[in-house]
Amino acid sequence: PSSNTAIEYQVTTTTSTDENAETDHSVLLTLHGAEGSTRERNLDTPENDFLNGARDTFTFYDIDIGALECIQVKLDGTDGWKVAQIEVVMGKKQYATPSLEVFLDDEPEFRLDEKFCDLFVEDLGDNLNLVKNSPEVDASWKDSDTA
């Protein structure tokens, strides 16, 4: 790693809306980057996590791993979980998997852990909390300008 400075990672998981997609078990996460990997993290909050259709957000600090290359998730238990998407915000970049709909389970036809390396990257710049104008607002402004 380029430095020993800890940076903030914000991970948001989306559980599938399919029947039996939720899990009561722990989900373990490791982020792999160009300059190293985070420690394996147990994604858990005091609330009930990973319910059907739920978006759960977890924040932790770890070494700067450089550009994110892969997101690895592992189910710690036997109650399967179907993950729809995972997003990671680190620094001024947001990384997201495409729609996954991957079921993690201990049954023979499934795997307990999966590594996702096909990621979309968006540079958030300084606009972390700014809401962009919708196209409808822009279009109506153009219409009134030409009248």
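Biologist: What share of the contacts between residues at least 6 apart in sequence join residues at least 24 apart?

Modeller: The share is 70%, where contact means heavy atoms within 4.5 Å. Please keep in mind that this is a predicted model: local features need pLDDT of at least 70, side-chain atom pairs count only at pLDDT 80 or more, and totals for chains, interfaces and linings use all residues. Residues are numbered from 1 along each chain as its sequence is written, and side-chain values use heavy atoms, with hydrogens and water left out.

Biologist: Thanks! How many helices and strands does the chain have?

Modeller: There are 1 helix and 11 strands, in the order β-β-β-β-β-β-β-β-β-β-β-α along the sequence. Both kinds are DSSP runs numbered from the N terminus: helices are H or I with at least four residues, strands are E with at least two.

Biologist: What makes β1 and β5 a pair of strands?

Modeller: Two strands pair if DSSP finds at least two bridges between them. β1 and β5 are joined by 9 bridges and run antiparallel, so they meet that definition. β1 also pairs with strand β7 (residues 81–90), again in the antiparallel sense, over 7 bridges. Within these pairings, Y9 stands opposite F60 in β5, while Q10 has V89 in β7 as its bridge partner.

Biologist: Why is the pair of Y9 and F60 called stacked?

Modeller: Rings of Phe, Tyr and Trp (its six-membered ring) pair if their centres lie within 6.5 Å; planes under 30 degrees apart count as stacked, over 60 as edge-to-face and the rest as tilted. The centres of Y9 and F60 are 5.4 Å apart and their planes are at 15 degrees, so this pair is stacked. It links distant parts of the chain, with Y9 in strand β1 (residues 6–15) and F60 in strand β5 (residues 55–63), 51 residues apart. Both Y9 and F60 are buried. F50 and F58 form another stacked pair, at 5.8 Å centre to centre and 25 degrees between the planes. The structure holds 4 aromatic pairs, and F50, F58 and W81 form one aromatic cluster.

Biologist: How do you know that F50 is buried?

Modeller: Buried means under 20% relative accessible area, exposed over 50%, and partly exposed in between (1.4 Å probe, protein chains only). F50 has 2% relative accessibility, so F50 counts as buried. F58 is buried too, because its relative accessible area is 6%. For the chain of 147 residues, buried residues make up 35%. F50 lies in the loop between β4 and β5, and has a positive phi of about 60 degrees although it is not a glycine.

Biologist: What makes C70 and C117 a disulfide?

Modeller: The cut-off is a pair of cysteine sulfur atoms within 2.5 Å, and the sulfur atoms of C70 and C117 are 1.9 Å apart. The torsion about their S-S bond is about 110 degrees, so the disulfide is right-handed. C70 lies in strand β6 (residues 68–76) and C117 in the loop between β10 (113–116) and β11 (120–123), so the pair ties together parts that are 47 residues apart in sequence. C70 counts as buried because its relative accessibility is 12%, whereas C117, at 42%, counts as partly exposed. A search of the whole structure finds 1 disulfide.

Biologist: Why is R41 called buried?

Modeller: R41 is buried because its relative accessible area is 16%. R41 is in strand β4 (residues 41–43). Leaving aside neighbours within four places in sequence, R41 is in contact with V27, L28, L29, F60, Y61 and D62. A polar atom of the R41 side chain lies 2.6 Å from the backbone oxygen of Y61.

Biologist: And what does L124 touch, not counting residues up to four places away in sequence?

Modeller: L124 touches V89, K92, K93 and Q94. L124 and K92 are 32 residues apart in sequence, and 5.1 Å apart in space, C-alpha to C-alpha. L124 is in the loop between β11 and α1 (135–146), and counts as buried because its relative accessibility is 16%.

How values were computed: Polar contact = N/O pair within 3.5 Å; in protein donor to acceptor, adjacent residues only side chain to side chain.
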